[in-house]
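I opened my notebook to log what I looked up in this structure. My entries follow in the order I made them.

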Amino acid sequence: MPQILTPPGILVKTATEPAFRHELKYLITDPQVRMLKSRLKGVAPLDPHVKDGGYRIRSLYFDDYDDRCFYENENGVDPREKFRIRIYNGSTDRISLECKRKERGKTHKTACPLTLEQTQMLMKGLPLRDIGDQPPLLQKLTMRMLTNRMRPVVIVEYDRVPYIYRQGNVRITLDTNISSCSEVKWFLEPSIPRRPIMPLGQQLLEVKYDEFLPDFLYRSLALENLSQTAFSKYYLCRKYTR
């Protein structure tokens, strides 16, 4: 019998509960990627930002002098968080600083825009000056760089096909060609040398939602041998480039 996602349920959030989301991850094969694309095409639209069927994501991850983020991920520390700078399709038109926090099995992401000049400074491991008027997230990263010697450590790049569904704020993504690059100075280059981190033919399915996952989407994601995993792109890319 096919193994499927945990049956969807409705969770009620209190007024004081942070906006954390469910984030489920599954390792899938190339044929399963094709199968899911066929199934989802009729039930969930592509993200409106998608052109030519998907986009390429490149992230520059930070860690401190003790590699705390790496070891917290390895040991399953809860809560934990990671900082990254993200661009799309190798373009500097849109640069975002993000902090992803994992707590009690759920995730929460905060983000703010960066200028090209700010990004170039952070790529060199240099904390920004005069940040009093900058977003709190950028101030937080600067303090980590000053106190914990946080600095950029690895580039993670992959191709993504994202599907969305408004009810439940559902986002289903198919991530392929996941790879790493240890030369952080090349983060803004149009193309970079990459090292694949996944076994040949293995890809990643991610399912993110707020309070509930609609039943028809739950059924659409049913696949043979589908098993949830605690997968971290950052951790594996660091593991193979340290």
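Predicted model: local features only at pLDDT ≥ 70, side-chain atom pairs only at ≥ 80, totals over all residues.

**Loops with positive phi**

I started at Arg149, which lies in the loop between α4 and β6. I looked up the backbone of Arg149 and found a phi near 55°, a positive value in a residue other than glycine. Is Arg149 buried or exposed? Its relative accessible area is 53%. The cut-off for exposed is over 50%, so Arg149 counts as exposed.

Next I went to Asp130. I found this residue in the loop between α3 and α4. Asp130 counts as exposed, because its relative accessibility is 74%.

**Helix α3**

I then turned to α3 itself, residues 116-123. Which residues of α3 are buried? I listed Gln118, Thr119, Leu122 and Met123. They cover an arc of only 135° around the axis, so they sit on the same side of α3. I recalled the general rule: an α-helix has 3.6 residues a turn, so residues three or four places apart point the same way.

What covers these buried residues? I found strands β2 (55-63), β3 (80-88), β4 (91-103), β5 (106-113) and β6 (151-165) among the cover. Helix α4 (136-147) is also included.

**A cis peptide bond**

I checked the peptide bond that joins Asp78 and Pro79. It is cis, with omega about 0°. I placed Pro79 in the loop between α2 (68-75) and β3.

**The whole chain**

I counted 6 helices and 9 strands in its secondary structure. Its C-alpha atoms fill a box of roughly 55 × 45 × 35 Å along the principal axes.

How does the radius of gyration agree with that of a compact globule? For 242 residues, a compact globule would have a value near 18 Å. The protein chain has 18 Å, so the two agree.

Buried residues make up 48% of the 242 residues. Of the contacts with a separation of 6 or more, 71% are between residues 24 or more positions apart.

The surface came last. The protein chain exposes about 12,900 Å², and carbon and sulfur atoms supply 50% of that area. I noted 40 positive and 29 negative charges, with mean positions 2 Å apart.

Methods:
Residues numbered from 1 in each chain as written. Heavy atoms only, no water. Buried < 20%, exposed > 50% of the residue type's maximum accessible area, 1.4 Å probe, protein only. Helix = DSSP H or I, 4+ residues; strand = E, 2+ residues; numbered from the N terminus. Arc of directions from axis to C-beta. Contact = heavy atoms within 4.5 Å. Rg over C-alpha atoms; globule rule 2.2 N^0.38 Å. Areas by Shrake-Rupley, 256 points an atom, 1.4 Å probe, with all protein chains shown as cover. Lys, Arg positive; Asp, Glu negative; His and termini not counted. Charge placed at Lys NZ, Arg CZ, Asp CG, Glu CD.
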